[in-house]
Structures are given as structure tokens and as C-alpha cells.
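Here is a short report on one protein chain. Start with the helices, then turn to the strands.

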Amino acid sequence: MSKVQIHSLFSEYDIHLFKAGKHYRLYEKFGSHIITVDGVLGTYFAVWAPAAQSVAVIGDFNYWNDGAHPLNVRWDGSGIWEGFIPSVAKGALYKYKIHSNNNGIITEKSDPYARRCEHPPKTASVVWEDAYAWKDTEWMKNRKKHNAIDAPFSIYEVHLASWKKRVEEDRSLSYIELADELVAYVKKMNFTHVELMPIMEYPYDPSWGYQLTGYFAPTARFGYPDEFKFLVDTLHQNDIGILLDWVPSHFPEDGHGLGFFDGSCLYEHPDRRKGYHTDWKSLIFNYGRNEVKSFLISNAIFWLDQYHADGLRVDAVASMLFLDYSREDGEWEPNIFGGRENLEAITFLKEMNEAVYKDFPDVQTIAEESTAFPMVSSPTSVGGLGFGMKWMMGWMHDTLLYFAKESVHRKYHQNDLTFSMTYAFTENFMLPLSHDEVVYGKRSIMGRMPGDEWQRFANLRLLYSYMFTHPGGNLLFMGAEFGQHDEWDFSGSLDWHLTQYDYHAGLQQLVADLNGIYKNYPALYEKQFEHDGFEWINYTDHENSILTYIRKGNTAKELLVVACNFTPVVRADYRIGLPHKGKLVQILSSDAKKYGGGDISNTSVIPIDKKHWDNRDYSAPITIPPLGTVLFEIKA
């Protein structure tokens, strides 16, 4: 049996950065790396276990015998155990067996830095490397324009396991199959980006991927790591960006995972008031520990560096920011200033965003954050958290609440819609209709719409048209684009058979066209996060439940006029005030026949009159269809 040789990939400077919480490429050092030492090919292993008395590599190459390959502890007090094992090759299965100096506790752990994991429910790490030849050079060279704040962001949120299934084989699509079918679909639907719910390895399907054990490994459920790279590559070659859900907020207690790693609270905070989520039955990272910060920030950088991701949507940020998140009095301890803010987590988030944007200025980080915590999407240089964007949870809540009401009652609740504009530009907001809104009895987005079948579809077409013309980026969860009736089932598949029916196909076509308009009209994206990109025409006509407004781009010519009618009554000859003379040219009616509507529309060109209306010198009469939106371009 070959023995472990003393070898290290760490320099003294690496150790200094690691201890200081400033090493952001730890995946190049920790984990398993196939290398040649003195002309012999094998694998170098390194793991952090400062509370260990001994650490051994166990695997299929030594019959899982912890006496065969003990690692060597570094002399510098870093707590790193390392060594080179000759002849261990790609594909070898392994874990770390750790004898703790804490009461003789023994743990068997997967490698926190493993590049590949066994297919769950198996839990071993896999020695892995690939030499994937990327073909997305053109995208990477120009992606700054695709991912910029003043670029269109229309996101299709996907749970890979349940997007589509091979029914006859009772399985999800592979990464290779998704590179064909998902990419073609997203391109047809004109979305600019795909957001994947967590694809890092996770043991428990009902967690949807939000309880991670393999932070550096794409899940084996759909194929090999290089096959996931092929999916990303194919998206990029079709001018589609990819965002990954990233979960630095908590992790599960599974025996092979990060919890109680070396017989001590290594990754988790030792105080259960800061280190345990009762809601999710999971552990919370110790954000004040420098080595943990290095681990997490290295993980964020890893997916941008090694997998060409265009951004990270950071999960459950609110739970990180507040010490009293989902806790009763007595279950949390104030910070050193007596407040409820988690100062260590705030510092971590700022450092993470600074590191990401320093090395990858052409990507975006997006916060799922549901509170009024200030300056989430402001730069750290002015005191912000440094995210690029933030989910607009208030808009989502108020809008869905409004649309659930029968139209006869809506005139009493117009402020539910207009309220979002009082704070729309305090952050770089993205409007999310995400997976969280179609589970646990909330019903599907379609299921929330009131009325008969015609009204439900008209309401949903109205909702999406209003959403895409409201300032901010957009996110739709899979299935919402064609009006899925049932709640999302993570173990099943979307009801693709519905798209054979006219109403569903029409709704699907509307979303594709809205995406196309959003991408092609700068007035909808150039100033989507700026005050002067939006202007009300009239938000006070609650009696008729009508909103009219203007979207503006960088030049005076880039003006779009939007009129939304939230009742099933046709509003003919409805006069609206306009900024200057010219003519209105209709570019969209959500009531068009091809979308399943009644085809109530406007003439192709409507002259703008010199007639004072809505406190403006110019105006024009338009027709707003029932439960419909019309969108116009102003032409000279």
C-alpha cells in the first residue's frame, strides 16, 4: 500500500491570507488535486480540521481503511492537514476520517472543496478534474453589456429536476439534454438570463437544493461537472446569461456535511442563538471566523471563475442581517451596540461583494432580501452592502394581493399598485414572481387570478404586461409563462401539455413578445433603476381602476406610453395627457387575438392633439381593452 508523502500546495502567503479571511481562491489549494510529484502521478489532499488529533483519507483505493493514508498536519498552526498519495486517480471515491481531540469524537466527512460528489443518497467525494474547452469567448468578451445595470434583465427561474422529465424513463433531463431543450426554449421565449435554483450538491430533494453539502460540486443528479459547463457554454453561445442561486446563509446537519466537522463547531457559530435556524433546522455559518469567510468568498468566486456564471442570487439575506430573524425575545443576543443587526454577517456580505466585483466587474450579485434594510444595492464605498440588485418583495406582495381581488373591489385598493413607486428607486430592484410564490398552498400565479376562465387569463396577461413595463428587472418562475394551473411540484414536471390549448399558448406568446419588447426598447431598461426613467401620467383614476405612465430612455426620443385597465370594462376614447406633439403608435395590446384576447385594439396611428389634459398641453384619446394593457411609442 502506498503511503502519504509530505507535500504542500500552500505558500506562507496563502496561509497568511487564509487566517486573515482574505484568501479568495482556496479551491486552488484545498480539496483533492491530481498532480505529479517526483515523476509520480497521484492526488494531493488538503483539509482544514484544527480540532483534529488525526486525519486520514479513506476511499475505495484503500478499502476505506483509516490506517492506510493518514495526512500530515502543518507546523504553522493553521489547522490544515495535507499530503500526496501516489497512484490515486480521477474518479476515486474518498472521505476524510477525523479523530477529534474533543472527547475522542470521530467523524467521517465529505471534502468541503470536492469538485464532484457521488449521486445522492451516496455521500462520498470524487477525485476529479476536467480540461473543458470553453467556446463562449465572444460572450465573455462582451458580457459586460449583457449584465450591466442599464441592460435588460428578464430572468427565467428554473428548478432543473422538475422543468421537464422523460416520462417514459421517469427521470429528469441531463445537463446535456438541457443544453439542447432548455436553451432552445429560453431563446424562443426571449429571456435574457436563466437563474438556476441551487445546483451545488445537496442530499435531500425536498430542500430544492437550498441545503448544501457540496459547495464546489454541481449536483451529480444531471451529469458530470464538465457537462454542466457545457450547459453554461451553450447558454452563452446563444446570448443567454446564467445566474446561480447561492446559499451562504445556512447549511444542513447531515453527518457527511460541514456541521461539527472536526468534532468542533468549525464552520457553524458555536452559540446556537447565532448558529442555528429553527425554521430550516439548519446551521448558520460563523461569519466572524476568518477561515469561514475565506471558504465562502472563495466559493462565490469559484462559480464565476470555473463555471463562467454571470452572477449570484444570494439566498435568505434577511436571515443573515438580523440577529433576531425569526426569533422570540430571549432567543437572541444584541450586538455590541445593543442593536439587532448581525455586524459580522454584514461585514462578510460587504467583503464578498467587494471581492466579486473586483475580479468580475461584468457580473451581478442579487440579494433576496425582504426587509427595509437600507442601501442593499449601493456600493460599499458609500456604506451599502454592495449588491448589484435586490428583489422587490414588497412589489410582489402588494401586486399579487391586488390581483387576487375581484375587479369590482379594485378601485378601493389602487394604492396597493401605486405604492411601489414611492420607493422603487431606493434600490436597484428586480420584480420577482419566484418559486416561493407557487408553493405551500399559495396556489400558482394563474390560480390566484379571479373570475371565469377568460378573466383569469386576461388578468394574468395584464399582470405580466404591467410587470414588464414597471421599472426594474423581471423574474418569472418556470411554468408561470404559460399559466400553469397547479402549484409547483418539485418531484414532478411542468404541465407542458397545457401549451396545446389556445389560452395557455397565447399567454406563452405574450411573455415571449414582452421579453422581445423589453429587450428592444431602451426606454424599458436604460433607466430602469432611475427616477427620471419613469413618469406618471395619471395614477388617481381609481374610479375606473386605470394607471397611465411613461417610460423613458437616455434620449428624449425614447418614450413609451403605458395604459393599464384593471377592470373588465372597455375604456374607449379614454384621453391621456402627453408630453409633446406627434402620434401614438401601438406596439402591444395584451388583448390581442394571438394572446387569447378579444382583439379590442387601437388604430395603427393616433394623432396627438394640442388639448390640455392631465396637467399637460397635449393629449390623445385611446382605447384600453378590458383587463388589458396597451403600450405605445411616441413618434414625431
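## Two helices side by side

In this predicted model, the axes of helix 4 and helix 5 cross at roughly 15° and come within 8 Å. Angles under 35 degrees count as roughly parallel, so helix 4 is roughly parallel to helix 5. The crossing of the two helices is right-handed.

Which residues make the contact? Helix 4 supplies Tyr 175, Ile 176, Leu 178, Ala 179 and Val 183. Helix 5 supplies Glu 227, Phe 228, Phe 230, Leu 231, Thr 234 and Leu 235. Of the residues in this contact between helix 4 and helix 5, nine are nonpolar, one is polar and one is charged.

## Helix 4

Helix 4 covers residues 175–188, which makes 14 residues. At 1.5 Å a residue, helix 4 should span 20 Å. The end C-alpha atoms of helix 4 are 19 Å apart, which agrees.

Several residues of helix 4 are buried: Tyr 175, Glu 177, Leu 178, Ala 179, Leu 182, Val 183, Tyr 185 and Val 186. Just after helix 4 comes Asn 190, with a positive phi of about 70°.

## Helix 5

Helix 5 has 13 residues, numbered 225–237. From first C-alpha to last, helix 5 reaches 18 Å. That is close to the 18 Å expected at 1.5 Å a residue.

Which residues of helix 5 are buried? They are Pro 225, Phe 228, Lys 229, Leu 231, Val 232, Asp 233, Thr 234, Leu 235 and His 236. Just after helix 5, Asp 239 takes a positive phi of about 60°.

## Val 47 in strand 2

Val 47 sits in strand 2, residues 40–48. Is Val 47 buried or exposed? Its relative accessible area is 2%. Buried means under 20%, so Val 47 is buried.

Leaving aside neighbours within four places in sequence, Val 47 is in contact with Phe 30, Val 55, Leu 71, Gly 79, Ile 80, Trp 81, Tyr 96, Pro 112 and Phe 261. Val 562 is another matter. It lies 515 residues from Val 47 along the chain, and their C-alpha atoms are separated by 58 Å.

## Ile 85 in strand 5

Ile 85 belongs to strand 5, residues 80–86. With a relative accessible area of 0%, Ile 85 is buried.

How are Ile 85 and Gly 42 placed, along the chain and between C-alpha atoms? Along the chain, they are 43 residues apart. Their C-alpha atoms are separated by 5.7 Å.

Methods
Residues numbered from 1 in each chain as written. Predicted model: local features only at pLDDT ≥ 70, side-chain atom pairs only at ≥ 80, totals over all residues. Heavy atoms only, no water. Helix = DSSP H or I, 4+ residues; strand = E, 2+ residues; numbered from the N terminus. Buried < 20%, exposed > 50% of the residue type's maximum accessible area, 1.4 Å probe, protein only. Expected span 1.5 Å × (residues − 1). Axes fitted to C-alpha atoms, helices over the stretch in contact; angles between N-to-C directions. Parallel < 35°, antiparallel > 145°, perpendicular 65-115°, else oblique. Left-handed = near helix turned anticlockwise from the far one by under 90°. Contact = heavy atoms within 4.5 Å. Nonpolar A, V, L, I, M, F, W, Y, C, P; charged D, E, K, R; others polar.
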